[in-house]
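Keep the structure open as you read.

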Amino acid sequence: MWKITRIVAAVFTVAIVVFVPLFAFPESVKGEEKPIKIEEYKFVLTLWNVDVFEGGTGSRTDFLVARANERTDDGIIILVKSHTPDSVKKSIENGEIPDMVSFGVGAEAVRLLCRELPSADFKGGETGGKIYAVPWCLGGYYLIAKQADNRLIEGLNAKNKTLDAVIVSQNSYNLPVLSLKTSGVTATSAEYLSPMDAYLKFVKTDGNVLLGTQRDLRRLEKRGVAFAAYPLTGFSDLCQYIAVTTKSDEKYRACLDFLRYITGEKVQDKVWDRKSVV
């Protein structure tokens, strides 16, 4: 019985070795006729994001990455990279030129790289009657008081636009004090601090008003601090532009399509979504 079992097993093994290649071979031949499809892309676009001011919630770079990933159906990949004004200056000096740049006031190094945009499609970023960049997101300045000092904000709403002491959240590239002047608000004294230092001093002290941005509103909400805010609508330099810098005419057309997409209603609704404010 044991010998018969071994013989049957041996025959079965031989059958597998002989017949499986006979059935597999035609499939292998068919594989040459129907190769595995590998996704093909026309080209890759590079987009640099240069941050010069604080956003509200999340990251502008992450937001741009998400929008770029929404457009892979056109066969074009967009690679997004974060930069500072200093790092973008050094990269350009080293001969690196992106296809597009998202930037704010202070990123002077990209100014001479921007290509003219069709005025029929875009508005903003105008120089010498020609458009070289288009704004895609905008922040704002606010006068913020703790809820216990709500009377200060109520006074501003009542046109009594004079404050005793203001903590000014000041970075290296923006001029928030201009938002006071254009809104007709005056302050007898002002202390200029970096954005984080200004926020912390405002939280830890009483009787002060903070001249801050949308980021400070989000910080206070997250910390659970009750506050009142008065928007200063006369001026804002918290504007993020996007420009085309590629030297390729083919890529230029693709970049214009992305600019139309990023400034379109669908994306702009996401910009103002509280979960993705940039």
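## Confidence of the model

The protein chain has a mean pLDDT of 81, with 79% of its residues at 70 or more; pLDDT is the predictor's confidence in each residue, from 0 to 100. The pLDDT stays below 50 over residues 1-38, a stretch that has two contacts in the model beyond near neighbours in sequence. Contact here means heavy atoms within 4.5 Å.

This is a predicted model, in which local features need pLDDT of at least 70 and side-chain atom pairs count only at pLDDT 80 or more, while totals for chains, interfaces and linings use all residues. Residues are numbered from 1 along each chain as its sequence is written, and side-chain values use heavy atoms, with hydrogens and water left out.

## The sheet with E3 in it

Let us start with an open sheet of five strands, ordered E2-E1-E3-E12-E6 with mixed pairing. At its edges stand E2 and strand E6 (134-138), each with a single partner strand, so one side of each has no neighbour in the sheet. On average, neighbouring strands here are turned by 20° against each other, direction ignored. Helices (H or I, at least four residues) and strands (E, at least two) are DSSP runs numbered from the N terminus, and two strands pair if DSSP finds at least two bridges between them.

E3 and strand E12 (residues 239-244) run antiparallel and are joined by four bridges. Phe 103 has Tyr 241 in E12 as its bridge partner. Helix H3 (residues 85-93) packs on the sheet, where it touches E1 and E2, and its direction makes about 140° with that of E1. Helix H2 (residues 60-69) lies across strand E1 (43-50), E2, E3, E6 and E12, running at about 180° to E2. For these angles, axes are lines fitted to C-alpha atoms, for helices over the stretch in contact, and angles run from 0 to 180 degrees between N-to-C directions.

Strand E8 (residues 162-169) pairs with strand E10 (residues 209-213) in the parallel sense over three bridges, and Ile 167 stands opposite Leu 210 in E10.

## Pocket and cavity

The largest pocket holds about 370 Å³ of space. Of its 15 lining residues, Phe 103, Arg 111, Cys 114, Thr 127 and Ala 133 lie nearest its centre. On a 1 Å grid over the protein atoms alone, a cavity is a set of points where a 1.4 Å probe fits but cannot get out, and a pocket is an open set with protein on both sides within 12 Å along at least five of seven lines; lining residues have an atom within 4 Å of a point. Grid points are joined across faces, edges and corners, and a volume is the space filled by probe spheres set on the points.

The structure holds one cavity of 30 Å³ or more. The largest cavity has a volume of about 50 Å³, and its lining consists of Leu 45, Arg 71, Asp 74, Ile 76, Ile 78, Ala 254 and Phe 258. Strand E2 (76-83) and helix H8 (249-262) are the elements that give two or more residues to this lining.
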